[in-house]
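User: Hi! Could you walk me through this one?
Analyst: Happy to, here it is.

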Amino acid sequence: MSTFVLLTITGLGLGAMYFLIASGLSLIYGLMGVLNFAHGAFLTVGAYVTWWTSTHVGGGPGVKLLVGALAGLAVGALLAGLVELVLIRPLYRRHIEQVLVTVGLALALGALVQAIWGVDARAFPVPDWMIDTTTILGANIANDRFVEIAAAVLVFVGLTAFLRYTRFGLIIRAGVENRAMVTALGIDVRRAFTLVFALGGAVAALAGVLSGVYFGVVDPGRGTSLLIFAFIVVVIGGFGSIGGTAVAAVAVGLVQQYANYYTTGLGDLAVVLLLALVLLLKPEGLAPKVAH
Amino acid sequence: MALISVRDLHVYLGESHVLQGVSFEVEEGGVTALLGRNGVGKTTTLRAMLGLVPRRGSVRLQFKGGAGEELVRAPTHQIIRRGIGYVPEDRDVFAGLTVDENLRLAERNGNARYELVYELFPELKTRGAQKAGTLSGGQQQMVAIARALLNENPILLVDEPTKGLAPLLVTEVAAALERAAELATVLLVEQNLAVVQRVATSVVVVDGGRVVHSGPARELLDSPERVQAMLGVHGGGHR
């Protein structure tokens with residue numbers, strides 16, 4: 001029983017990170033039709049900025065992490081907003097070129113991070129209380145798992161409220177359905193594009209921070225490795241749906257953990273099988289093309 | 001001076017040269033009906049005027065006492081903000097949004113005319129919380145027209161508002177168009193000749209991507225032979 005509880009909460013923690021990356025990816029594709037392969041780079045940059053800032057501020061590990069995370073999120077949002085304005089906007093409706101640009105940018109940002117901070121993993125500032133464990137039904141669970149889950153729940157609630165109760169949210173939800181008709185109502189949908197990119201960048205950077213806490217280190221390949229699973233989550237959840245993304249992220253995190261333990265390391269394969277199953281039974285994903 | 005002057009408008013969709021130099025004028029006031037057989041480019045003309053498809057040529061807007069404005073170089077949202085309401089073919093309501101949200105999205109300033117909209121379509125008030133995707137075709141058309149009427153647009157571009165509607169709803173939509181024409185200049189694409197006869201003051205006939213006739217509505221519609229020749233239908237009939 002204790003093993004199952006441990007696997008479940010660890011799987012939820014992993015799913016939380018997948019959700020944080022995938023939610024921005026899903027909204028960006030749902031609204032703009034852009035497959036953003038540079039999204040993982042926002043995560044890596046956010047994590048590195050967090051680590052770098054934490055090494056330059058005083059205080060305990062908690063303060064370092066908090067200040068570092070704020071800097072990481074700000075840089076993630078700024079970087080993503082700039083990418084949309086400078087690189088994506090001129091290629092509006094040119095999807096092949098957009099893919100090429102985002103792939104190139106992912107490679108360039110990865111190389112830049114390596115050039116500045118090297119290829120070796122860097123120890124992340126993790127407060128002791130996050131490393132400590134809490135016992136639930138006999139399972140000793142690291143407290144950082146609860147932080148990751150709580151952060152994802154907060155982001156989910158925040159994004160849902162933003163989409164449901166603000167005018168920008170209304171524009172995004174409508175834009176995911178029919179972008180052309182939004183402009184035909186006199187709305188400059190490009191502002192929503194930039195906002196969604198910046199929002200996605202901030203949330204990806206948060207995923208970078210939490211992945212640093214989860215793994216204890218940050219390395220240049222972090223964003224790329226998590227991005228693959230985030231894409232799977234988005235496909236399963238349905239492009240443009242925050243609710244679908246949340247359900248898919250939890251499913252992928254849990255399946256990966258259970259399969260890794262019960263089948264001696266076939267977690268990644270199990271995720272791919274889950275993806276294949278969804279594509280066969282519900283090719284449009286769990287909740288397609290409606291931002292809710 | 002015409003309110004809208006369209007000159008030599010060309011649109012290519014893929015390999016197809018859909019509009020081949022469309023030119024016509026819309027005078028201020030009344031309803032100008034854009035007529036023609038299926039697939040001749042009527043909807044594309046409206047979409048090109050709004051920049052919803054890539055186009056070349058000139059679309060000039062000339063409000064009384066104002067400087068003329070060229071619309072072809074402006075993006076769609078800016079064209080709309082100059083005072084144009086658009087009712088697209090097939091309604092294009094946002095299915096995942098409620099009726100209220102569809103209307104709220106269309107608001108461009110604090111002067112939204114909800115009283116007018118609810119007077120014309122009382123049903124929209126009672127169905128405010130209903131998802132637009134669950135409405136009937138007629139109700140969705142009401143939402144689409146209401147979005148265009150919500151703002152004080154001096155110009156309305158309306159694309160086949162009676163398409164696929166039951167006869168009773170056609171009458172209701174025609175009445176709404178008549179009311180809209182009291183408030184704005186309307187450029188209407190419509191296949192239902194009975195509706196055209198009821199509301200149109202002038203007509204523009206498109207064929208093969210070009211304008212082949214324009215003039216007062218009565219001049220064309222009172223001549224069954226010309227209607228038959230230009231539109232391929234019997235005058236006064238319902239296609």
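User: Which residues are exposed on the other side of helix 12 of chain A?
Analyst: Val272(A), Ala276(A), Leu277(A) and Leu280(A) are exposed there. Helices (H or I, at least four residues) and strands (E, at least two) are DSSP runs, numbered from the N terminus.

User: How should I read the numbering and the model?
Analyst: Residues count from 1 along each chain as its sequence is written, and chains are lettered from A and ligands numbered from 1 in the order written. This is a predicted model, where local features need pLDDT of at least 70 and side-chain atom pairs pLDDT 80 or more, while totals for chains, interfaces and linings use all residues.

User: Back to that helix: which residues are buried?
Analyst: Gly267(A), Val271(A) and Val278(A) are the buried residues of helix 12 of chain A. They cover an arc of only 50° around the axis (from the directions from the helix axis to the C-beta atoms), so they sit on the same side of the helix.

User: What covers them?
Analyst: The cover includes helix 10 (222-237) and helix 11 (242-262) of chain A. Contact here means C-beta atoms, placed from the backbone, within 7 Å.

User: Switching to chain B, how many helices and strands?
Analyst: Chain B has ten helices and ten strands, and buried residues make up 45% of its 239 residues.

User: And how many residues meet at the contact between the chains?
Analyst: Chain B gives 19 residues and chain A gives 16. On the chain B side, helix 2 (76-81) and helix 3 (99-106) are the elements that give two or more residues.

Key: Buried ≥ 20, exposed ≤ 12 C-beta atoms within 10 Å, placed from the backbone. Contact = placed C-beta atoms within 7 Å.
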